[in-house]
Every structure is written in structure tokens, then in C-alpha cells.
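Me: I am new to this structure and would like to learn how to read it. Please take me through it one feature at a time.

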Amino acid sequence: MSIIDLAELRFVKLSTAYDGHVSQFDCSQSDLNEFIRTHALQEQYDRLSVTRLACYHNLLVGYFSLANSSIVNKNLDDRDYSNIRRYPSYPALMIARLAVHKDYQRQGIGIKMLERGMGIAYKLSDHVGCRFITVDVKVDLRAIKFYTRFGFKPRKKDYNKVEEILHGDYRRNEDSVFMYFDLWKPYLGWCC
Ligand SMILES: CC(C)(COP(=O)(O)OP(=O)(O)OC[C@H]1O[C@@H](n2cnc3c(N)ncnc32)[C@H](O)[C@@H]1OP(=O)(O)O)[C@@H](O)C(=O)NCCC(=O)NCCS
């Protein structure tokens, strides 16, 4: 593992200037590698998602992509909307993809990227309604732990699924868990 200094992490928007870097990116998950290498820039041109790269000096150590989304109220914990007007669904920002290079994992880069995404959502919500962050998390222990650690919750019908994954008892054949984060939580200085 290569050790990095998180204070020197920089975020930039994906562009053709980074073609050489994205072609080398490897987080050990082929779909996430393929997305950044092949589809992310086109999706950005098509205004489907916007990707930010986490760079450490001249290295690409992570990326995340954001898109608009919404969350239907039946997926929420009742406490999350007890204090707001009832609508069938609420505006949200989706973390469409998020990955850290395999040589730089477990050093806090993922959390730094989440904080950056939160900052963007928080800023956006000053201009356009945006109450929640959503993500479809792979059925993977470290990914579930990662989002849970940050304060994401599973939608109601996925509570048991997450418990089973965390206890190593998950036997079903679904590949993702829908999780969300309520932006109403106190602003902790996320920046974008
Ligand atoms: C999941 C992923 C994004 C985490 O990013 P990271 O930079 O490695 O994680 P961080 O160092 O920020 O870890 C934050 C917390 O996540 C959890 N976590 C991260 N990696 C973990 C692992 N391998 N095992 C268990 N928990 C893990 C821990 O709670 C950790 O906090 P701690 O170190 O204080 O215990 C990264 O491992 C990754 O890119 N994996 C492959 C792609 C992927 O699964 N993306 C998510 C798709 S939904």
C-alpha cells in the first residue's frame, strides 16, 4: 500500500486532460474501472452525471460521479420526514459511482470524497431543492460498512439485508442495497 497525506488531496472535474490517468485507474472492480475509463466523460457530455477526480500529486487515487435523483417517502425512516411537508417523493442527489484506487484504499480517501459530494449537495440545496443523498451500494461488506460509518441508512425494506451483510449471513442473490443520507443533519463544514 502507498501512504498518502490527505491534506494534499485535490479534486478536479473530469476532462480529456486526464485521459492518461483514467485509463490506468484500477479499484479492483471491473464495472467501476470500465465506467471511469470508458463511459464517464461521455455521460458528462450528455449531462447524465458529473465526475470528480481525487488527485494526489500526479496520481489519480479516486473518483466519484453525481447525478440528480429522488427518494420515495415509503423508503424513508418515518423520523426523517416527520418535520417536513408530506410529498410522495423528495429531491435528492445520487452518488452514481464512487471508487478508490486499489493501492490507496483504507486511508480515508473514500470519506474525503463523500465529504466533497456532501458539500456539493449542500451548496446545491441553496439553489435547488435537495434534501437527501442516495446511493445504490454493492452487496459488499466493506462498501456497506463505508456508507454506514458515514451515517447513511438503508431504505426500510433493506434493514434486514444490511444486518445480514454486516453479520456475514447474507445468502440472497441481489447485488445492491439502496441507502440514503439526510442533508438536514448539521452542516459540518463540507466544502466543494
Ligand atoms: C469502499 C471504498 C470506496 C472505501 O474507500 P476507502 O478510501 O478505502 O475507505 P476509507 O479509508 O475512507 O474508510 C472509511 C471507513 O469505511 C469502512 N471500510 C473501508 N474499507 C473497508 C474494508 N476493507 N473493510 C471494512 N471496512 C472498510 C471502515 O468503516 C472505514 O473506517 P475505519 O478505517 O475508521 O474503520 C473503497 O474500498 C473502494 O473503492 N472499493 C472498491 C469500489 C467500491 O466498492 N465502491 C463502492 C461501490 S457502492
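**Reading the fold**

Reply: Start with one residue. Leaving aside residues up to four places away in sequence, V135 touches M94, I95, Y147, F152 and M179. Two residues are in contact if their C-beta atoms, placed from the backbone, lie within 7 Å.

Me: What kind of model is this, and how are its residues numbered?

Reply: This is a predicted model, where local features need pLDDT of at least 70 and side-chain atom pairs count only at pLDDT 80 or more, while totals for chains, interfaces and linings use all residues. Residues are numbered from 1 along each chain as its sequence is written.

Me: How many helices and strands are in the chain?

Reply: Helices (H or I, at least four residues) and strands (E, at least two) are DSSP runs, numbered from the N terminus. The chain has five helices and seven strands. Read from the N terminus, their order is β-α-α-β-β-β-α-β-α-β-α-β.

Me: What does the radius of gyration of the chain agree with?

Reply: The radius of gyration is taken over C-alpha atoms, and the globule rule is 2.2 Å times the number of residues to the power 0.38. For 192 residues a compact globule would have a value near 16 Å, and the 17 Å of the chain agrees with that. Along the principal axes, the C-alpha atoms fill a box of roughly 45 × 45 × 30 Å. Of the contacts between residues at least 6 apart in sequence, 70% join residues at least 24 apart.

Me: In what order do the strands of the open sheet lie?

Reply: Strands of a sheet pair through backbone hydrogen bonds, either parallel or antiparallel. Two strands pair if DSSP finds at least two bridges between them. Here the seven strands form an open sheet in the order β1-β2-β3-β4-β5-β7-β6, with mixed pairing. Its edge strands, β1 (9-13) and β6 (153-154), each pair on one side only.

Me: Which strands does β4 join, and in what direction does each pair run?

Reply: Strand β3 (residues 59-72) is joined to β4 by 11 bridges, and the two run antiparallel. In that pair, S69 stands opposite A92. Four bridges join β4 to β5, and this pair runs parallel.

Me: What about β7?

Reply: β7 is joined to β5 by seven bridges, running antiparallel, with I133 opposite F181. β7 (residues 176-182) also has two bridges to β6, again antiparallel. K153 has Y180 in β7 as its bridge partner.

Me: Is R47 buried or exposed?

Reply: A residue is buried if 20 or more other C-beta atoms lie within 10 Å of its own, exposed if 12 or fewer, and partly exposed in between, with C-beta atoms placed from the backbone. R47 is exposed because 9 other C-beta atoms lie within 10 Å. R47 sits in the loop between α2 (30-45) and β2 (50-56). T38, in helix α2, is exposed too, with 11 C-beta neighbours inside 10 Å. In the chain, 32% of the 192 residues are buried. Strand β4 is mostly covered, with 10 of its 12 residues buried.

Me: Which residues have the most contacts inside the largest nonpolar core?

Reply: A nonpolar core is a set of buried Ala, Val, Leu, Ile, Met, Phe, Trp, Tyr and Cys residues joined through C-beta atoms within 7 Å. The largest one has 49 residues, and A92, I95, I133 and V135 have the most contacts inside it. β4 gives the largest share of this core, nine residues.

Me: Which residues are closest to the ligand?

Reply: A residue is near a molecule if its C-beta atom, placed from the backbone, lies within 6 Å of it. The ligand is surrounded by 22 residues, the closest being Q105, G110, I111, R142 and F146. Two or more residues of the shell come from each of β4 (89-100), α3 (109-124), β5 (132-138) and α4 (141-150). The largest share, five residues, is that of α4.
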